[in-house]
Amino acid sequence: MNSTTKRLVPVAVMTVMAAGATGYWLGRSNSEGTPPLTQNKEARVPLFYRNPMNPDITSPVPAKDHMGMDYTPVYASSDSDESPVGTVTIDPVTAQSIGVRTVVAERRSLSREVRTFGRIDYDERRITRLHPKTEGWIEKLFIETTGQAIGADEILLSIYSPQLVSTQQEYLLALNNLETLQNSPFDDIRDGAERLVAAARERLVLLDVPAHQIDELTTSRTVTKQLHIHSPVKGTIIHVGVREGQYVTPQTELYFIADLSQVWVFVDIFEKELPWVRVGDQAEMRVDAVPGIVFKGQITYIYPYAERETRTVKARLEFSNQNVLLKPDMFADVVIRTNPVANVVAVPSEAVVRSGVREKIFVVREPWKFEPREVVTGLSSEGWTEIRKGVVPGESVVVSAQFLIDSESKLREAVSKMHEIEQ
């Protein structure tokens, strides 16, 4: 025996120790006269013999333990030469006693419901932060409480601004100039007067002077000290930023207005569930504040990064909220109805033996003969796992007692490798 073989012998012995329970079950069936685990053992010479009660004890020749039980012969391979290394053959009696069951791999559709918690927030596209276009003083607040619903173009406040007063005066001068020159025989002079009026009116519009006050100014030809600021959108007042008499500048936020007829909901998706989730998936939501009502929405965006603390990925959903029953910062239970994955090869999840390094399944080659086969798994749902490589539809796979079979398979694989080196 060379040095390499000497190093492998302890490894094989350790493998034998790890498979002790399986060796006891599978070895005892031979010692008690049940059909042998493998075929044509008479034509082969055992490598050594092992104690059926303690796999750590071996003998190069046949022997008996202290209870009178025969040592179990260990061969280089327990299967025919055509069988892959590690293939295990078990007689029907032993298979029944250890509870071996098989299921046929099949093509099926896999679907999954992703359940998570959500937080309701404003739709950022429906938020308006209103600032004045000029400096001035707040003369009167028409809307002064938060939570108040307002309509589009509703008057919010009136403001006195020296710049607005002077712009009104410029507009009136332009109007007077147009009246004086509109009968001029020179087209250029008339066109210039008209362009001057249009420019002065445009400055008023750009400073948010409402159309009705510009029309009043045009008719009355009287400068107005207080000009109105109207709401540009329909929504709810979330915050009032000024009070009467306050001096404001373009940096001052007058109102924070939100349209709550549609809301966003942010949810956290765990990494293992992320492959199921797609933009456009439908979702259902329930909130404790509105019992008995199921809100329906869909995923509109999945963020391209994970949260460092929770190791989840954030997704954004949109829900209609016409009755304004959903309030920002409420918590909700969300169920995402993911699209099914159709026509995939699948086996029961318990059939997959996961070692951390690789995944394998025991496939029935013929009655009572089980071949270990490495597989590539995909999605898992409702007790079934997708097999992307390694198993085809119609093959039978082991779904119970496969860990006992796996221990025996590893033992035979290690013994086979040791025998090859000795050869």
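**Salt bridges and a helix pair**

At 23% relative accessibility, Asp 259 counts as partly exposed (buried is under 20% relative accessible area, exposed over 50%, partly exposed in between; 1.4 Å probe, protein chains only). The model is predicted: local features need pLDDT of at least 70, side-chain atom pairs count only at pLDDT 80 or more, and totals for chains, interfaces and linings use all residues. Residues are numbered from 1 along each chain as its sequence is written, and side-chain values use heavy atoms, without hydrogens or water.

Asp 259 and Arg 126 meet in a salt bridge (3.0 Å, N to O). A salt bridge is a side-chain nitrogen of Lys or Arg within 4 Å of a carboxyl oxygen of Asp or Glu. Arg 126 is partly exposed, at 31%. The structure holds 28 salt bridges.

Asp 215 and Arg 201 form another, also at 3.0 Å, N to O. Asp 215 lies in helix 6 (residues 211-220) and Arg 201 in helix 5, 14 residues apart. Helices are DSSP runs (H or I, at least four residues), numbered from the N terminus. Both Asp 215, at 40%, and Arg 201, at 30%, are partly exposed.

Helix 5 (residues 187-206) packs against helix 4 (residues 162-181) at about 160°, with axes 9 Å apart. Axes are lines fitted to C-alpha atoms over the stretch in contact, and angles run from 0 to 180 degrees between N-to-C directions. Helix 4 is therefore roughly antiparallel to helix 5 (an angle over 145 degrees). Contact (heavy atoms within 4.5 Å) involves residues including Tyr 171 of helix 4 and Arg 201 of helix 5.

Technical notes. Helix = DSSP H or I, 4+ residues; strand = E, 2+ residues; numbered from the N terminus. Parallel < 35°, antiparallel > 145°, perpendicular 65-115°, else oblique.
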